[in-house]
Amino acid sequence: MTLSNILNRSCRCLSQLLRKFLTFVTMRRLLSRVLNRVLLNESFSPVMVTEAGVHTHGPRKLVVGLGNPGMEGTRHSVGMAVLGALAARLDVADRWRGDKHVSGEVIVSEIQHTHVVLLRPRLLMNVNGVSVAKAAGKYGIRPEDILLVHDELDKPLGKINIKHGGSARGHNGVRSCVDCLQTDVMQRLRVGIGRPTGKTSVERHVLGRFSSEERKVLDSVLIQSVDLLLSQLSRQESPQDSPSGPPSPAGGRQAAQKRKEGEPRASPAGDSAAAQS
C-alpha cells in the first residue's frame, strides 16, 4: 500500500469520526431543546405577582444559581454556592422554600428598594432554563432583569466577571435559558473554574468536587462574587431604562435588540471585574 493510499484512508476515517461527533453534539443539543419545550409547556398555574410575595411597584430582579440538584459541591454547580453565600450575606439563608410552580427553590427579598428573587433550579443543568422562564413569568420579571450565575471553563479559579448578554459560549445551562426565554439579554456572573489538566475529561472535571487547595481559593471567590452581585443589584435604573408599566414576563429577541440599542454595554462594577480577570 502506497503512502498516498494510507493518507487518503486516514483522512476518510478522520472525516467519518468528525461527522459522527458533530451528529452526536447536534442530537444532544436537539434533545435538550425538546426537553426544554416539553417541560416548559407542562401545565402550571402562574401566580399573580402580589400573591408571589413581590409588590406590584418598584424594580424587580431575578438572580439564578445554575447547577445540578444534589451536586451542589461540584464545580459545575458553583453558581448555587454563590447564591447560597448571597443568601447568607442577606441573612435570609433560612428562607429557602420549594416552589413547584417554578421547579426550584426560591427566596424573595429586598435590596435597596429592589425586589429580588433568588432561584436555585431543581432541574438538571441542561434544562435549568425551564425553571428560570417559569420564575420570570410567575414574578413578572423581564429577561434583562435576570442575572445568571454560572461556572466558566475559560477562566481560572479565582477570576470572575460580569457579561452583559450574548451567546451561551458552550454552557448548557445558559443555552437552556436562552432557548426558554427566547432572548440572550440576561446578564451573567461567570465564575472561573479553569480547564482540566492532563487526561481528565471536561465532563469529569466540571462534575468533580473542588480539591482542598481549590476550596481555599473558593472561599475568597464566594466573597468577591457576592460583593459584585450586590453592586449590580443595588444599581438604580435611570428613567429611560424603567418600564412605563409593570414588568412583563420573559420576552423575545426584540428585548435583546432594545438593550443593544439603548443600554450601555457594561457597568462600572462590571468593568472593574473584567479588569481583574
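Reader: Which helix holds Leu233?
Author: Happy to start there, with the reminder that this is a predicted model. Leu233 has its place in a helix spanning residues 212-233, and that helix is α6.

Reader: Which residues is Leu233 in contact with, leaving aside its neighbours within four places in sequence?
Author: Let's set those sequence neighbours aside, as you ask. What remains for Leu233 is a list of contacts with Lys61, Val63, Leu86, Ile111, Thr114 and Val116.

Reader: How far apart in space are Leu233 and Asp145, C-alpha to C-alpha?
Author: In sequence, 88 residues separate Leu233 and Asp145. In space, their C-alpha to C-alpha distance is 9.5 Å.

Reader: Which residue in β7 is the bridge partner of His150?
Author: Nice one to trace by eye. Strand β5 (residues 146-152) and β7 run parallel and are joined by six bridges. The partner of His150 in β7 is Arg190.

Reader: And which residue in β7 is the bridge partner of His164?
Author: Strand β6 (residues 160-164) pairs with β7 in the antiparallel sense, over five bridges. For His164, the bridge partner in β7 is Gln187.

Reader: How many of the six residues of β7 are buried?
Author: Side chains in a regular strand alternate between the two faces of the sheet. In β7, Gln187, Leu189 and Val191 point one way, while Arg188, Arg190 and Gly192 point the other way, and all are buried. Strand β7 (residues 187-192) is thus mostly covered, and its buried count is six of six.

Reader: Which side chain makes a polar contact with the side chain of Arg120?
Author: Arg120 sits in strand β4 (residues 114-121), and at 19% relative accessibility Arg120 counts as buried. Not counting residues up to four places away in sequence, Arg120 touches Gly65, Leu83, Trp96, Gly104 and Glu105. The polar contact, at 2.8 Å, is with the side chain of Glu105.

Methods
Residues numbered from 1 in each chain as written. Predicted model: local features only at pLDDT ≥ 70, side-chain atom pairs only at ≥ 80, totals over all residues. Heavy atoms only, no water. Helix = DSSP H or I, 4+ residues; strand = E, 2+ residues; numbered from the N terminus. Contact = heavy atoms within 4.5 Å. Buried < 20%, exposed > 50% of the residue type's maximum accessible area, 1.4 Å probe, protein only. Polar contact = N/O pair within 3.5 Å; in protein donor to acceptor, adjacent residues only side chain to side chain. Pairing = 2+ DSSP bridges.
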